[in-house]
Amino acid sequence: MEHVRIYNAMELKTTKGNLIIEGPIPSDQLSSLEFHKDLIAFRPPLQQHKALVEIADLPEGRIIIARENNTIVGYVTYLYPDPLERWSQGKMENLIELGAIEVIPKYRGCSVGKSLIKVSMMDDAMEDYIIITTEYYWHWDLKGTGLNVWEYRKVMEKMMGAGGLEWFATDDPEISSHPANCLMAKIGKRIDNDSIQKFDQLRFMNRFMY
C-alpha cells in the first residue's frame with residue numbers, strides 16, 4: 001500500500017496566543033523545531049521528540065503538530081499498532097492507530113487537541129484507512145486536569161469525535177478491564193467490506209472461546 005501524505009495547516013487563535021496546527025511534518029523539519037519542556041506525558045521531552053522524529057520516518061507514520069513560533073506545544077501521532085497488541089494481528093496495511101495526543105498545560109481547554117485531529121483528517125488519503133484509538137484511563141492526566149474518569153472520557157470522546165471517530169464495541173481484555181476505557185475508530189470512505197470484516201474479527205477475538 002502506498003502511504004500518501006498531503007500537508008495541511010490552519011491557524012488557531014486562542015486567549016493564550018496564536019498557534020499553527022500543521023502536518024504531516026517530515027522528520028527533518030521535526031528535528032529542527034524546539035520541543036516544549038512540558039510535553040512529558042509519555043517520556044522525558046528529549047526522548048519523546050526523538051520518538052516523534054522516528055515515527056515520521058516510518059512509511060505509514062504521520063505527525064501533526066501544534067506550533068507556537070518555533071516550538072512544538074502539542075502533537076498527535078499515527079502509525080501501525082504495536083506488534084504486541086491484537087490490532088496488529090490481522091496484518092492490515094490499511095489499519096493505523098492514533099497512538100498519542102498531547103498538549104502542554106498552558107493550551108489545554110483551547111481546542112488544540114480537536115484542531116490537531118481536524119487537521120489530521122483534512123488529508124483525503126485518510127479515507128483509505130481504518131483509524132483506531134484505544135483509550136485507557138490510566139494514561140489520562142486526571143491529577144493535572146482535576147477531572148474524574150467519566151469527565152475525562154467525555155472530553156476524549158468529544159475530541160476524537162471532531163475527527164469522525166466513534167465508539168466501537170470490543171472484547172479486548174485491556175479495554176474491557178474498566179468501563180471508562182474504550183475503542184474508537186473511523187472507517188474511511190474507501191474501505192472495502194473485506195477490511196471491515198477483518199476489523200470486526202479483531203474487535204471480537206474471544207467470541208468463540210469457552
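Reply: Let's start with one word: "buried" means under 20% relative accessible area, while exposed means over 50% and partly exposed is in between (1.4 Å probe, protein chains only). What you're looking at is a predicted model, where local features need pLDDT of at least 70, side-chain atom pairs count only at pLDDT 80 or more, and totals for chains, interfaces and linings use all residues. Residues are numbered from 1 along each chain as its sequence is written, and side-chain values use heavy atoms, with hydrogens and water left out.

Me: Okay, let me try it: does Phe 199 count as buried or exposed?

Reply: Buried, because Phe 199 has 0% relative accessibility. Trp 87 is buried too, since its relative accessibility is 2%.

Me: And how do I read two rings together?

Reply: A pair of aromatic rings is described by the distance of the centres and the angle of the planes. Rings of Phe, Tyr and Trp (its six-membered ring) pair if their centres lie within 6.5 Å; planes under 30 degrees apart are stacked, over 60 edge-to-face, and the rest tilted. There are six aromatic pairs in this structure. One of them joins Trp 87 and Phe 199: a tilted pair, 6.4 Å centre to centre with 50° between the planes.

Me: Which parts does that pair tie together?

Reply: Trp 87 is in the loop between E5 and E6, and Phe 199 is in helix H7 (residues 193–203), so the pair ties together parts 112 residues apart in sequence. The element names come from DSSP runs, numbered from the N terminus: helices (H or I) have at least four residues and strands (E) at least two.

Me: What sits over the ring of Trp 87?

Reply: The charged end of Arg 86, 5.8 Å from the ring's centre. For that label, NZ of Lys or CZ of Arg must be within 6 Å of the ring centre and within 35 degrees of the ring normal. Arg 203 likewise lies over the face of Phe 199, 5.6 Å from the ring centre.

Me: Now strands. What is the bridge partner of Phe 168 in E9?

Reply: Leu 183. Two strands pair if DSSP finds at least two bridges between them. Here E8 (residues 166–168) and E9 pair antiparallel over three bridges. E9 also runs antiparallel to E7, joined by six bridges, and Ala 185 in E9 is the bridge partner of Ile 132.

Me: How many residues of E9 are buried?

Reply: Five of the six in strand E9 (residues 182–187), making it mostly covered.
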